[in-house]
Amino acid sequence: MAGDAGTRQPGDREVAPGPLALVQAFVNSVNVEFGPDEFAAVGGLARWMERTGYPPGPSGIIEADRRRAVELREALRALMREHNGGEYDPRARATVARVAERCPLVLGFDASGRPELQPGGEGVTGLLGRILGIVVEASAEGNWQRLKSCHDHRCEWVFYDRARNRSGRWCSMAVCGVRSKMHSYRQGLKTASVAR
């Protein structure tokens, strides 16, 4: 599980359960609305990896690794927008598939002896492989679709929807939900004003 995945979430939501917390922390490595982007530089990605228990490895990190991590992060965010009513994004799927080609996965066993997909590489390749393996396993378990990008396009913070009917739309109802409802209200006023 990600070492920094337990940080406070908007709306006092709990982090995603188990290994999905790593995927959530990976995609939330940038605050879309206010910054910063932890992957803006190679050093930032290296520090994030150390904090989450995936050291960069003996060969270190190069700029191409950083770009690949950002590409995967944003492709996963696009897929999580789909989980929250967003449009189907074939480019995001193509990006995930392209990144996955360079991140081999092997069968391994977790601490309890349960089989799981584990990265066949180390460093950034290992981290990205681990994230992709978690996505595959979570999809098979039916939890992947619960990771959603906040419906407010200015925010896009990834949250885990624990609602029984999977109806969560915003990372925080008190902030993004209210802001969205106020925007809809104002749009309704404008439309009514034009109609007069």
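The protein chain exposes about 10500 Å², of which carbon and sulfur atoms supply 55%; accessible areas come from the Shrake-Rupley method with a 1.4 Å probe, and for residues only the protein chains shown count as cover. This is a predicted model, in which local features need pLDDT of at least 70 and side-chain atom pairs count only at pLDDT 80 or more, while totals for chains, interfaces and linings use all residues. Residues are numbered from 1 along each chain as its sequence is written, and side-chain values use heavy atoms, leaving out hydrogens and water.

Of the 196 residues in the protein chain, 43% are buried (under 20% relative accessible area, 1.4 Å probe, protein chains only). The protein chain has six helices and four strands, in the order α-α-α-α-β-β-α-β-β-α from the N terminus; these are DSSP runs, helices being H or I of at least four residues and strands E of at least two. Among contacts (heavy atoms within 4.5 Å) between residues at least 6 apart in sequence, 52% join residues at least 24 apart.

The axes of H3 and H4 come within 9 Å and cross at roughly 140 degrees. The two helices are therefore oblique to each other, and their crossing is left-handed. The residues that meet are listed below.

| Helix | Span | Residues in contact |
|---|---|---|
| H3 | residues 63-82 | Arg68, Glu71, Leu72, Ala75, Leu76, Ala78, Leu79 and Glu82 |
| H4 | residues 90-100 | Ala92, Arg93, Thr95, Val96, Arg98 and Val99 |

By class, this contact of H3 with H4 has eight nonpolar, one polar and five charged residues.

Key
Buried < 20%, exposed > 50% of the residue type's maximum accessible area, 1.4 Å probe, protein only. Axes fitted to C-alpha atoms, helices over the stretch in contact; angles between N-to-C directions. Parallel < 35°, antiparallel > 145°, perpendicular 65-115°, else oblique. Left-handed = near helix turned anticlockwise from the far one by under 90°. Nonpolar A, V, L, I, M, F, W, Y, C, P; charged D, E, K, R; others polar.
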